Amino acid sequence: MNDRNQLFHTLCKRQVRLAEHSSYGIGGEADYFAMPETAEQLMTILDGCKTYGMEYFVFGMGTNILFPERPRRGTVFISLKNFAEIRQIDGSTWFISSGLPLSMLSVAGLIWGTSGLHFTYLLPGCVGAGIYMNAKYHDDQMGDKVEKVYYVDAADPSLSLQVIRAEDCRFSYKQSIFQQKPWIIVGAEIRVPEPEAPVQSGLGGILERYKEGSGKLSSLSQFYSFFSNEVKELQLRNHAIPGQLSDIDKYRTGNRHFTSRSCGSFFKNNYAAGASIGALVDRLNLKGLAHGGAMISPYHGNMILNHNDATASDILYLKDIISEGIYRHFGFIPEPEVVIVPEDK
Ligand SMILES: Cc1cc2nc3c(=O)[nH]c(=O)nc-3n(C[C@H](O)[C@H](O)[C@H](O)COP(=O)(O)OP(=O)(O)OC[C@H]3O[C@@H](n4cnc5c(N)ncnc54)[C@H](O)[C@@H]3O)c2cc1C
């Protein structure tokens, strides 16, 4: 066995419960599981999968995924949440790696004196999926911040690093070209407003502290504590905290985003319907409906919670109730935003 194959075996852990890497806390044992910390380690794993003819599934923090109870046998599940890098290329251009938490962008913005990334504060998940999903908060979305995206085309035998410009990424509401192609996002360059004050170097240990605990940050309560505490620390060290961050905190805690296990909104909104999915679920009187360990959030009709050891089937049962209700009363089938990973046959 050569060094690269040896490293592949070292990086791939055996029999890891996916529930621990998903904000739903749902998912059975993966035969193989890896958390690369660098682009080189990611490439070694992809290369090993190719050599051994193994399938793989790449994800980030697992805050927008419903894993099955019986994951597909022999598949390597690769979480990029330990591959967290950020560096300034110049005052207004940064490189960000796919495993960097989205929320770290808002913290870096506070430290480096730029305002364009506040919207990522307390937005669960990592940069790769943020680009894949074109994650948004109100009018701000990742697709508008990205200049170019570095990716690997899984269908290309050479697995070489490629680059695509933002204007070719087909960004629109919760859509991007990455949902249509077998491409793995490695990182991106983003353009930020020029710093408003002299720039401080480094993130003051925040990135290191994140890496020490990142294995756990698929838990939404721990995710919230980590980032809200880091921002409080910055405030104590005389960083001005913009009002937008407090507003986001109030909005998300008010909607109980971090107190229950969920993946946020289950469905994409259909703006042609004239109302959000949450409002339609409210009109159908479905808020609070429970099945097994799952429940439609009493606070937000578009969230299906794991409130008491739910299984993937419990969640999917309520998803079907909502879909059927919306189809019968409002004439369309809502498109899930949460990625539903199929069970082994
Ligand atoms: C409480 C809560 C609130 C939320 N609020 C919002 C919100 O306001 N706005 C919003 O847009 N979203 C929101 N979300 C959804 C979630 O934050 C975003 O979808 C986020 O981008 C998911 O990141 P992740 O790393 O957890 O993705 P994962 O769940 O790990 O993956 C999601 C999908 O992306 C793919 N993917 C991940 N990484 C890569 C990569 N490197 N290359 C290619 N494909 C990749 C995966 O294969 C999967 O299909 C919320 C979620 C929660 C739990």
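## The annotated span

The end C-alpha atoms of residues 25-195 lie 39 Å apart, and this span is 20% helix and 30% strand. Helices (H or I, at least four residues) and strands (E, at least two) are DSSP runs, numbered from the N terminus. An unreviewed UniProt entry lists residues 25-195 as "domain: FAD-binding PCMH-type"; such annotations may be inferred rather than shown by experiment, and positions follow the numbering used here, with feature names shortened.

## Basis of the values

This is a predicted model, in which local features need pLDDT of at least 70 and side-chain atom pairs count only at pLDDT 80 or more, while totals for chains, interfaces and linings use all residues. Residues are numbered from 1 along each chain as its sequence is written, and side-chain values use heavy atoms, leaving out hydrogens and water.

Polar contacts are pairs of N or O atoms within 3.5 Å. The side chain of T63 has an N or O atom 2.6 Å from an oxygen atom of the ligand. For N64, a backbone N or O atom is 2.8 Å from a ligand oxygen, and for K174 a polar side-chain atom is 3.3 Å from one.

On its own the ligand has 980 Å² of accessible area (Shrake-Rupley method, 1.4 Å probe), of which the protein covers 95%.

## The surrounding shell

The ligand is surrounded by 35 residues (a heavy atom within 4 Å), and the closest are V58, G60, T63, P124 and K136. The shell divides into 20 nonpolar, 11 polar and 4 charged residues. Here Ala, Val, Leu, Ile, Met, Phe, Trp, Tyr, Cys and Pro count as nonpolar, Asp, Glu, Lys and Arg as charged, and the others, Gly among them, as polar.

The largest share, 4 residues, comes from α4.

Definitions and conventions. Polar contact = N/O pair within 3.5 Å; in protein donor to acceptor, adjacent residues only side chain to side chain.
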